[in-house]
Amino acid sequence: MLEAYMLIQIDAGAGSKVRQEIASVPQVRIAHSVTGPYDLVARVQVEDMDALGALLSDVQSIPGLLRTLTCIVKGMGRSS
């Protein structure tokens, strides 16, 4: 299983529609509106890198979405 954060910039005026579409994607576990250079942060979970690539292609085709930056999450164990 692979997890990643997608940082998403949205075109002015398209925020609500893009947010709804992102939230409806089954691989999106949680999505938050944020302030700063990006408008939305979504945590996604997919099977592998191929599935992540397919998800990115689908998400990037949403009208009103300007750009994404994807950060893959690497789990780190805690030592006692």
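## Close-up views of a predicted model

**View 1. Met6 and its neighbours.** Leaving aside residues up to four places away in sequence, Met6 touches Leu40, Val41, Ala42, Val44, Leu56, Val59, Thr68, Leu69 and Thr70 (contact means heavy atoms within 4.5 Å). Met6 sits in strand β1, residues 2–10; strands (E, at least two residues) and helices (H or I, at least four) are DSSP runs numbered from the N terminus. Met6 counts as buried because its relative accessibility is 1% (buried is under 20% relative accessible area, exposed over 50%, partly exposed in between, with a 1.4 Å probe and protein chains only).

This is a predicted model, where local features need pLDDT of at least 70, side-chain atom pairs count only at pLDDT 80 or more, and totals for chains, interfaces and linings use all residues. Residues are numbered from 1 along each chain as its sequence is written, and side-chain values use heavy atoms, with hydrogens and water left out.

**View 2. The sheet.** Here 4 strands make an open sheet, ordered β2-β3-β1-β4, with antiparallel pairing (two strands pair if DSSP finds at least two bridges between them). At the edges are β2 (28–33) and β4 (65–73), each pairing on one side only.

**View 3. β1 beside β3.** Strand β3 (residues 40–46) runs antiparallel to β1, and 7 bridges join them. Look for Ala4, which stands opposite Val44 in β3.

**View 4. Helices on the sheet.** Helix α1 (residues 15–23) packs on the sheet and touches β1, β2, β3 and β4. Helix α2 (residues 49–60) also packs on the sheet, touching β1, β3 and β4.

Key: Axes fitted to C-alpha atoms, helices over the stretch in contact; angles between N-to-C directions.
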